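Please examine the sequence and the model shown below.

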Amino acid sequence: MTRSVYVTGIDRGDGRQVVELGIMELLTRQAARVGVYRPLLHDAPDRLFELLRARYRIEQDASTAYGMEYREASAILAEKGTDELVSRLVDRYHEAARDYDVMLVLGTDYAETNLPDELALNARLANELGAVVVPVVGGTKRAADEVRAEARNAHRAYESLGCHVVAMVVNRVAPADRDSIAERLAARLPVPCYVLPDDKSLAAPTVAQITRALGGEVLLGDDAGLARDAVDFVFGGAMLPTFLNALTPGCLVVTPGDRADLVIGALAAHASGTPPIAGVLLTLNERPGDDVLALASKLAPGTPVVSVAGNSFPTAAELFSLQSRLNSATPRKLETALGLFERHVDTSELRGLLAVARSERVTPMMFEHELLERARADRRRVVLPEGAEERVLRAADVVLRRGVCDLTLLGDEQAILKKAADLGVDISGAQLIDPATSPLRERFAEYYAKVRAHKGMTVELAGDVVTDANYFGTLMVQEGLADGMVSGSVHSTAATIRPAFEIIKTKPDASIVSSVFFMCLADRVLVYGDCAVNPDPDAEQLADIAVQSAATAAAFGVEPRIAMLSYSTGTSGSGADVDKVRKATGIIREQRPDLAVEGPIQYDAAVEPVVAATKLPGSEVAGRATVLVFPDLNTGNNTYKAVQRSAGAVAVGPVLQGLRKPVNDLSRGALVQDIVNTVAITAIQAQDAPLTP
């Protein structure tokens with residue numbers, strides 16, 4: 001029977017979407033097939049379902065994701081009663097649920113539904129579906145005592161109606177009251193109660209949403225600028241010095257269109273990063289001259305300048321009434337919402353309460369979720385030398401919002417702040433260091449000169465070397481000022497890992513540094529090595545790569561069964577290439593008899609049970625291999641890219657192994673999510689690495 005989790009409330013305005021999103025995140029970590037069902041819907045399409053479908057790659061047809069629209073439900077209720085309505089909604093649920101391991105059920109929203117006693121209807125539906133229930137209580141503009149009373153009443157109401165309430169969530173409480181509310185409710189409720197503080201950025205509309213709502217015309221700005229959140233409004237009317245002092249980070253400047261001085265002043269402040277603004281909204285249907293707009297576009301490229309017809313007072317009234325909602329067009333808000341949920345909810349405890357059996361299949365999303373969760377559980381600091389690169393800044397924004405780890409960004413501080421402001425990303429939680437001006441430069445130069453003295457390195461020469469961001473970042477790791485480093489989005493592999501070879505060096509039990517890719521297929525994760533570092537390893541090196549790859553696989557939850565790949569299987573072939581693989585396999589069996597290894601073996605015999613039964617019957621690895629070791633870089637690199645592109649696999653890596661402390665290289669074509677995953681992997685590697693030089 002399909003397991004279901006019913007998220008419901010007691011009134012509107014509880015910000016329940018944050019909880020629904022957070023629980024969906026938990027469910028997709030455990031189950032390969034998660035469906036969504038909303039019994040009652042105002043109008044199709046369902047915005048939240050579309051968000052969940054896009055983010056979590058749900059293949060569910062939208063027509064199965066809801067029972068019926070509210071107007072139809074009201075008619076059925078009036079003509080045939082509650083039993084008939086519930087019967088139809090339950091039937092629709094079962095039609096959808098048969099294809100899924102677990103269903104997330106989204107309760108009614110209490111918003112102009114014309115349904116009597118919605119709480120009782122939600123309780124009845126949850127009981128009929130056999131769902132566990134997570135009620136949500138909103139705390140907006142409520143005193144702490146009132147919030148606590150509402151939470152207790154909600155629990156009592158759902159319990160009295162026979163619901164299996166496994167946890168409560170109190171959302172959007174005043175940040176100053178969060179701890180006291182949580183402490184009191186923990187003592188008063190028989191189930192866990194998670195208390196989330198209000199986060200104004202979640203309700204802040206984007207500049208694009210404001211433009212649509214006010215019927216504005218975009219004079220300047222790109223998509224990234226229009227996606228910025230307007231977390232505050234500053235109305236310009238004062239003289240420029242006073243006006244500049246009033247600017248706040250993320251504010252939308254609202255000023256009459258004829259105040260060119262305020263427009264240019266606001267954009268100049270943004271360009272300097274003090275502070276970064278969301279954009280400029282011009283009222284009275286006045287437009288600055290072309291010369292002013294040309295200057296504005298050069299001062300802050302991408303920053304929105306929008307013109308509206310109304311004057312400042314009615315515009316202000318409309319602005320203060322606007323609130324954003326989570327949707328697929330606001331990805332930063334999604335990361336903020338998940339970060340908020342994960343900071344204030346004991347996700348391990350809640351996952352256990354939801355009692356969803358973990359799937360034997362491991363999907364790419366499940367693997368990615370596991371990375372973030374493990375990194376977050378024991379936070380480390382990762383240094384990113386390419387601090388002003390766009391993809392790195394966008395990835396840093398996600399990492400910080402989700403609380404994955406602490407970050408240090410290297411580069412010119414003003415250049416980083418300006419780029420972040422132009423992109424509309426929040427890196428305020430990151431440490432910024434300019435290697436050229438840092439007080440650490442002298443210390444690092446002395447250290448580098450010492451370790452490279454045998455190569456003729458002097459302190460004077462080292463002073464220039466350590467201003468290179470990759471060298472500086474590597475020295476931060478070596479000196480214990482960071483736990484790991486990720487680079488390579490714009491640097492070559494050699495430029496990224498050469499400093500690590502010189503400074504961090506290999507582990508005592510590793511003869512070489514090598515790499516693996518985690519290849520996330522539709523239903524499992526395979527480990528490929530070495531596809532990025534060693535062009536033509538000899539037998540001893542190949543054995544070392546296999547042993548390292550097995551250790552990396554085990555560290556990330558993949559049971560290692562090693563296939564030493566070749567163009568022949570078993571004893572069927574001969575020649576130098578096959579002999580190298582055969583020798584490497586023998587070395588592994590001699591040195592590590594605890595490891596399951598097979599070789600030489602062809603790829604199909606390694607991963608396909610039917611082929612394995614013919615070519616190597618009785619092998620404990622053939623047909624079940626999880627760690628696939630390629631004989632050379634040419635074969636490995638081409639194979640991983642072929643599988644990635646042809647099979648739609650998610651390739652996470654390369655992950656370097658064999659170094660005493662973690663340094664990882666990115667592909668220069670890395671996407672933002674690739675960088676996030678690599679940062680998480682580096683943080684996890686650092687959890688097992690020594691913390692001191």
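In this predicted model, the largest nonpolar core comprises 62 residues. Those with the most contacts inside this core are Leu 407, Leu 409, Ile 427, Phe 518, Ile 562, Met 564 and Val 679. Apart from it lies another core, of 45 residues, which includes Ala 73, Leu 89, Tyr 93 and Leu 189. In soluble globular proteins, nonpolar side chains tend to be buried together.

Leu 409, when residues up to four places away in sequence are not counted, touches Leu 384, Gly 387, Leu 393, Ala 396, Ile 416, Ile 427, Ala 430, Gln 431, Leu 432 and Ile 433. Ile 427 is situated in the loop that runs between helix H19 (413-423) and strand S16 (431-433). Its relative accessibility is 6%, and Ile 427 therefore counts as buried, the limit being under 20%. With residues up to four places away in sequence again not counted, Ile 427 touches Leu 393, Ala 396, Leu 400, Leu 409, Ile 416, Ala 420 and Leu 432. The C-alpha atoms of Ile 427 and Asp 397 are separated by 5.7 Å, although these residues are 30 residues apart along the chain.

Leaving aside neighbours within four places in sequence, Glu 386 is in contact with Val 392, Leu 410, Ser 487, Gly 488, Ser 489, Val 490 and His 491. Between the C-alpha atoms of Glu 386 and Ala 453, which are 67 residues apart along the chain, the separation is 28 Å.

Attention now turns to helix packing. Helix H4 (residues 82-97) and helix H5 (residues 118-129) have axes that come within 10 Å and cross at roughly 45 degrees. That angle makes H4 oblique to H5, and the crossing is right-handed. On the H4 side, Thr 82, Asp 83, Leu 85, Val 86, Leu 89, Val 90 and Tyr 93 meet Leu 121, Arg 124, Leu 125, Glu 128 and Leu 129 of H5. By class, the residues of this contact divide into eight nonpolar, one polar and three charged.

The axes of helix H12 (residues 260-272) and helix H13 (residues 290-299) come within 9 Å, crossing at roughly 15 degrees. H12 and H13 are therefore roughly parallel to each other, as angles under 35 degrees are so classed. Their crossing is left-handed. H12 contributes Ala 260, Ile 264, Leu 267, Ala 268 and Ala 271 to the contact, while H13 contributes Val 292, Leu 295, Ala 296 and Leu 299. These residues divide into nine nonpolar, no polar and no charged.

Helix H22 (residues 469-478) packs against helix H23 (residues 493-503) at an angle of about 40 degrees, with the axes 9 Å apart. H22 and H23 are therefore oblique to each other, and they cross in a right-handed sense. The contact is made by Asn 470, Tyr 471, Thr 474, Leu 475 and Gln 478 of H22, together with Ala 495, Thr 496, Arg 498, Pro 499, Ala 500, Glu 502 and Ile 503 of H23. Six nonpolar, four polar and two charged residues make up the contact of H22 with H23.

Several backbone details remain. Gly 599 and Pro 600 are joined by a cis peptide bond, with omega about -5 degrees, and Pro 600 is found in strand S21 (residues 596-601). The peptide bond from Gly 653 to Pro 654 is also cis, with omega near 5 degrees; Pro 654 lies in strand S23 (residues 650-657).

With a relative accessible area of 86%, Lys 141 is exposed.

Definitions and conventions: Residues numbered from 1 in each chain as written. Predicted model: local features only at pLDDT ≥ 70, side-chain atom pairs only at ≥ 80, totals over all residues. Heavy atoms only, no water. Core = buried A, V, L, I, M, F, W, Y, C linked by side-chain atoms within 4.5 Å. Buried < 20%, exposed > 50% of the residue type's maximum accessible area, 1.4 Å probe, protein only. Contact = heavy atoms within 4.5 Å. Axes fitted to C-alpha atoms, helices over the stretch in contact; angles between N-to-C directions. Helix = DSSP H or I, 4+ residues; strand = E, 2+ residues; numbered from the N terminus. Parallel < 35°, antiparallel > 145°, perpendicular 65-115°, else oblique. Left-handed = near helix turned anticlockwise from the far one by under 90°. Nonpolar A, V, L, I, M, F, W, Y, C, P; charged D, E, K, R; others polar.
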